[in-house]
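Hi there,

Here is the structure I promised to pass along. Have a look at it first, and my notes follow just below.

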Amino acid sequence: MSTRRKPSSVDARLHQVFEAPIDELYVLAVLPDASPALTRVLELRSFLALAEEQVARVRDRVHAATAADLDMGELSSDVLRFDAEWLEAALDARNGYLAAVDKLLRRMPPTGHRTAQAQVTTARPTAVAAPAPQRAGAARAR
């Protein structure tokens, strides 16, 4: 499965920041005038989705290996130790990607989401752009 289709824990936040669904953001990211921040955040999102899938796999394997209905003679401390190391590595990766996404979004210019929305509106001819506020671009009266 493509990482575009894998869910991640930052999907709702990216949708909110860029004002477009994840699928549309991936379409925008390949356009010639795509924002570098959008391209980078989607790359990090893809890495995060894979790391979160690894965390879930190891967690599920540990739960299955320690299920209450299993014979205790089947437990292996070596296997569980290996899974604990793998889980630690996967969680470290996940935490690193989350921190990188957060850092990138905080450093993004405030107009980043409006640029993405303008591109989304252009990409969808049926969308109607909202009129600009009456004072848009006007100098502030003193």
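**What turned up**

Let me start with Asp83, which is buried, with a relative accessible area of 2%. Please keep in mind as you read on that this is a predicted model. Asp83 is part of helix H4, which covers residues 77-107. Which residues does Asp83 contact, once its neighbours within four places in sequence are set aside? They are Val58, Arg61 and Val62.

Next, the pairing of two helices. Helix H1 (residues 11-18) and helix H3 (residues 36-65) have axes that come within 12 Å and cross at roughly 170°. Angles over 145 degrees count as roughly antiparallel, so H1 is roughly antiparallel to H3. On the H1 side, the residues that meet H3 are Asp11, Leu14 and Phe18; their partners in H3 are Leu38, Val41 and Arg45.

One more residue is worth a look while you have the model open. Glu19 is not a glycine, and yet its phi is positive, at about 55°. You will find Glu19 in the loop between H1 and helix H2 (22-29). Is Glu19 buried or partly exposed? With a relative accessible area of 39%, Glu19 is partly exposed, whereas Asp83, at 2%, is buried.

Happy to go through any of this with you.

Best wishes

Definitions and conventions. Residues are numbered from 1 along each chain as its sequence is written. This is a predicted model: local features need pLDDT of at least 70, side-chain atom pairs count only at pLDDT 80 or more; totals for chains, interfaces and linings use all residues. Side-chain values use heavy atoms; hydrogens and water are left out. Axes are lines fitted to C-alpha atoms, for helices over the stretch in contact, and angles run from 0 to 180 degrees between N-to-C directions. Helices (H or I, at least four residues) and strands (E, at least two) are DSSP runs, numbered from the N terminus. Angles under 35 degrees count as roughly parallel, over 145 as roughly antiparallel, 65 to 115 as roughly perpendicular and the rest as oblique. Contact means heavy atoms within 4.5 Å. Buried means under 20% relative accessible area, exposed over 50%, partly exposed in between (1.4 Å probe, protein chains only).
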